[in-house]
Amino acid sequence: MRLYGKNPVLERIKARPDSIKTLYLQKRTDLSEIVKAAKGAGLTFESVDKAWFMSECGDLNTQGVLAVIEEFEYASFEDVIIDCKNSSVIPVFLDGITDPQNLGAIIRNLACLGGFSLVLPEHRSAKVNETVLRIASGGENYIKIASVTNLATALKQISKEGINIAGAVVQDSVDITKAELSGPMALIIGSEGKGIRPGVKKTIDIELSLPMKGAPLSYNAAVAASLFCYEINRRRW
C-alpha cells in the first residue's frame, strides 16, 4: 500500500515506523519535520524530484511525501469485545458505509475523540485502502478496526456478552442528549440513504437520534458518527 501526504506519513512514522518499507521525499520541499521524525525512528528515505512524483502519483496531492507501507492489518473482533468489556472502548459498527472518504473521515474523527473502535462488514462496505488512509490522516494508528463476515451475527455475539447496542436512527427514537448511556455499549451507524438494514436493526436495544432544530434533512454519515460519538463521550466522562 502507498501512503500519501505529510500528516498521514508523519503519524505513521510516530506510531508504527516498522510498517514503513520505503519513504520518498520530494527535493526542494520543506519536509524538515518528516526528515527529523524519520531519522529519529531510524528510517532512511530517498530524495526524488517533482517529475518522479508526477509519474508515480499523477495529480494526487502528495505534498511531496510518499511511503510504501505494509498492507493494512485488521484487528480481531475478539480484541474489540475485550476492550469494550474491560476498558469501556465503544465499538462503532458501520452498516452500509461504502464511500471511502466517509470511512476515512470517521476513522480520523473517532481517533481524535478517543475511546472508540470500528467494526466493518466484509461486504457492502468500504475497505481500508489508500484513499481511506489519506483521508484518515493517521487516525488508523490510534483506533482498532475489525472486519467481520456478518454484522448482525457479530452484534448478536456482543449482545450475549452483556453489551448494550444502540442504533442511530431518525424517527421514533430517544434523543441521545436524554438517553441513559451507562455500561458497556456499542453503536451502529447506517448509510445516509437506507439507514440501518432491517436484519441489523433487530439487534438494537435502544434507538437514538440527534436533536435537529434546522431543516428536515439528514447528516452526512461521517458527521452523524462524529456527533453521536461526541455526545456519548461527553455524557460518559
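**Before starting**

The model is predicted: local features need pLDDT of at least 70, side-chain atom pairs count only at pLDDT 80 or more, and totals for chains, interfaces and linings use all residues. Residues are numbered from 1 along each chain as its sequence is written, and side-chain values use heavy atoms, with hydrogens and water left out. Helices (H or I, at least four residues) and strands (E, at least two) are DSSP runs, numbered from the N terminus.

**Stop 1**

Next, select strand 2 (residues 20-26) together with strand 3. Three bridges join them in the parallel sense, and Gln 26 stands opposite Val 48 of strand 3. Contact here means heavy atoms within 4.5 Å. Axes are lines fitted to C-alpha atoms, for helices over the stretch in contact, and angles run from 0 to 180 degrees between N-to-C directions.

**Stop 2**

Within it, strand 5 pairs with strand 6 in the parallel sense over four bridges; Pro 91 stands opposite Ser 117 in strand 6.

Strand 10 deserves a selection of its own. Is strand 10 mostly covered or mostly uncovered? It is mostly covered, six of its six residues being buried, where buried means under 20% relative accessible area, exposed over 50%, and partly exposed in between (1.4 Å probe, protein chains only). In a regular strand, side chains alternate between the two faces of the sheet. In strand 10, Met 185, Leu 187 and Ile 189 point one way, while Ala 186, Ile 188 and Gly 190 point the other way. Four bridges join strand 10 to strand 5 in parallel, with Ile 189 as the bridge partner of Leu 94. Four bridges also join strand 8 to strand 10, again in parallel, and Asn 164 stands opposite Met 185.

**Stop 3**

Select helix 5 (100-113). Its 14 residues reach 20 Å from first C-alpha to last, close to the 20 Å expected at 1.5 Å a residue; the expected span is 1.5 Å times one less than the number of residues. At its start, a side-chain oxygen of Asp 99 reaches to within 2.9 Å of the backbone nitrogen of Gln 101. Just after helix 5, Gly 114 takes a positive phi of about 80 degrees.

The buried residues of helix 5 include Leu 103, Gly 104 and Ile 107. Together, its buried residues pack against strand 5, strand 6, helix 6, strand 7 and helix 9.

Then select Val 132 in helix 6 (residues 130-136). Why does Val 132 count as buried? Its relative accessibility is 0%. Leaving aside neighbours within four places in sequence, Val 132 is in contact with Pro 100, Leu 103, Gly 104, Ile 107 and Lys 127.

**Stop 1: helix 9**

Select helix 9 (residues 221-236), whose 16 residues reach 22 Å from first C-alpha to last. Asn 220 caps its N-terminal end, with a side-chain oxygen 2.8 Å from the backbone nitrogen of Ala 222. Among the buried residues of helix 9 are Phe 228, Cys 229 and Ile 232. Its buried residues pack against several elements, including helix 5, strand 10 and strand 11 (206-209).

**Stop 2: helix 4 and helix 7**

Finally, select helix 4 (residues 77-87) and helix 7 (residues 151-160). They pack at an angle of about 35 degrees, with axes 11 Å apart. The contact is made by Phe 77, Glu 78 and Ile 81 of helix 4 and Ala 154, Gln 157 and Ile 158 of helix 7.

Definitions and conventions: Polar contact = N/O pair within 3.5 Å; in protein donor to acceptor, adjacent residues only side chain to side chain. Pairing = 2+ DSSP bridges.
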